Amino acid sequence: MRLSTLLGRIPEQSFYGRKFSGLALAESTTLEDFQDRCPFTLKSEFVADQSHFPPYGSNHLEPLERFTRFHQTSGTTGTPLRWLDTNESWNSMVESWTRVFQAAGVSSSDRVLFAFSFGPFLGFWLAFEAGQRIGALCLPAGGLSSVARLRMLLDNEVTALCCTPTYALRLAEVAAREKIDLCASKIRLIMVAGEPGGSIPATREQLSGLWNGARIFDHHGMTEVGPVTYECPKTPGTLHVIDDAYLAEVCIPGSSKLAAVGEAGELILTTLTRLGSPAIRYRTGDLVRAEKAIQPCLCGSCETRLVGGILGRIDDMVIVRGVNLYPSAIEDLILRHRGVREYQVILQQVSGMTDLRMEIEAVAEAPNTLAHDLELALQSAFSLRVPVVIVPAGTLPRSEMKAKRWVRK
């Protein structure tokens, strides 16, 4: 019903009105019929539309005067996209974000610190407003240094922290450097997003250990579609799609063929409630392994499950000497070695082929054999000889947003 409503509202002269011209999608009687008729949407199409119809493109189901919110993508994988929302669309996404907080067990008794700068990125504004809606005390920490954020966290007895996985690691590193005892904090929950790390076992384990046993709770979303998933309260590392707000499909990468149940593929999303500027059969670039619920999950949900969370990005995969590598798999292996503080992977072309090497910052108590141990582990896991070099502490870059650990030279 929601899909039919969306398709029936598309203006002829809008982005989707032109894209779907002659396809009669509103007449689709089944999901299979819709899938057979409806083409996928690529990010490059949205970019081109905004170039042809600046500054906001033509993907609007309402007059521009009705839009009240502006956000844009980070631009880490290309030209930033501008996105507008009506009050109704914004409210639907806030409702989805409250589902994320509820699944994490956040309530009006919590104090939530938002450890990031409030720029044009979508997710943090939604999270902050959703936190207010459920009655939690929300503490904005934009524009503050890491030390100031740690002091705010301790002084206000914050119980939940929202940030990227790498920034949670960075805060713990700064706390150790400044002799700030995280055991004195009240943090019981760290809600992470923006990177696959929240569903990588080694990253979760390391974060929890650094933050005095706090629970790590993953979720994910995109500026183009909104908040999409929340971690299963009973099965860490599994994400539930908010099926009320999204039609989720999984496609074989590089193909228009749908993946079999449980087969890894690219997540395809159609927004069902964000009707101001919709995304229909949008290829997100996220690699997932989806399962439709035959019976309720342990947590009681019947929503689509993404086993293992976001496995990686389709465009992040690199081929090194014939071996397919995903950054998430490398991170899981590296962070299983307790002596690693931070790392960076350097990709370079050698005789026409992609090669890689790795730089590691080690903790003070790391064994002298750390580099050799990592080289052996990488060779065992991926059948690749990867040189590993230990660099001085503080050499590698840090970020409060998405980490830039893979560098091409």
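The second largest cavity of this predicted model has a volume of about 40 Å³. Around this cavity sit Ser 92, Met 93, Ser 96, Val 225, Ala 245, Tyr 246, Thr 271, Thr 273 and Arg 274. Helix H5 (residues 87-104) gives the largest share of that lining, with three residues. By class, the lining of the second largest cavity has four nonpolar residues, four polar ones and one charged one.

How many cavities of 30 Å³ or more does the structure hold? There are two. The largest cavity has a volume of about 80 Å³. Its lining takes in Phe 46, Asp 49 and Gln 50, then Tyr 56, Gly 57, Ser 58, Asn 59 and His 60, and also Arg 82, Trp 83, Leu 84 and Ser 277. Helix H4 (43-52) and strand E2 (82-86) each bring at least two residues to the lining of the largest cavity. Four nonpolar, six polar and two charged residues make up this lining.

Helix H8 (165-177), helix H9 (201-210) and strand E17 (340-350) each supply at least two lining residues of the second largest pocket, and H8 gives the largest share, six residues. Sorted by class, the lining of this pocket has eleven nonpolar, five polar and eleven charged residues.

| Space | Volume | Lining by class |
|---|---|---|
| Second largest cavity | about 40 Å³ | four nonpolar, four polar, one charged |
| Largest cavity | about 80 Å³ | four nonpolar, six polar, two charged |

The axes of H9 and helix H10 (residues 327-335) come within 7 Å and cross at roughly 45°. That angle is why H9 and H10 count as oblique to each other. The crossing of H9 past H10 is left-handed. On the H9 side, the contact is made by Pro 201, Ala 202, Thr 203 and Gln 206, while H10 contributes Glu 331, Asp 332 and Leu 335. Three nonpolar, two polar and two charged residues take part in this contact of H9 with H10.

Terms used: Residues numbered from 1 in each chain as written. Predicted model: local features only at pLDDT ≥ 70, side-chain atom pairs only at ≥ 80, totals over all residues. Heavy atoms only, no water. Helix = DSSP H or I, 4+ residues; strand = E, 2+ residues; numbered from the N terminus. Nonpolar A, V, L, I, M, F, W, Y, C, P; charged D, E, K, R; others polar. Axes fitted to C-alpha atoms, helices over the stretch in contact; angles between N-to-C directions. Parallel < 35°, antiparallel > 145°, perpendicular 65-115°, else oblique. Left-handed = near helix turned anticlockwise from the far one by under 90°. Contact = heavy atoms within 4.5 Å. 1 Å grid on protein atoms, 1.4 Å probe; cavity = no way out; pocket = protein on both sides within 12 Å on 5 of 7 lines; lining within 4 Å. Points joined across faces, edges and corners; volume = space filled by probe spheres on them.
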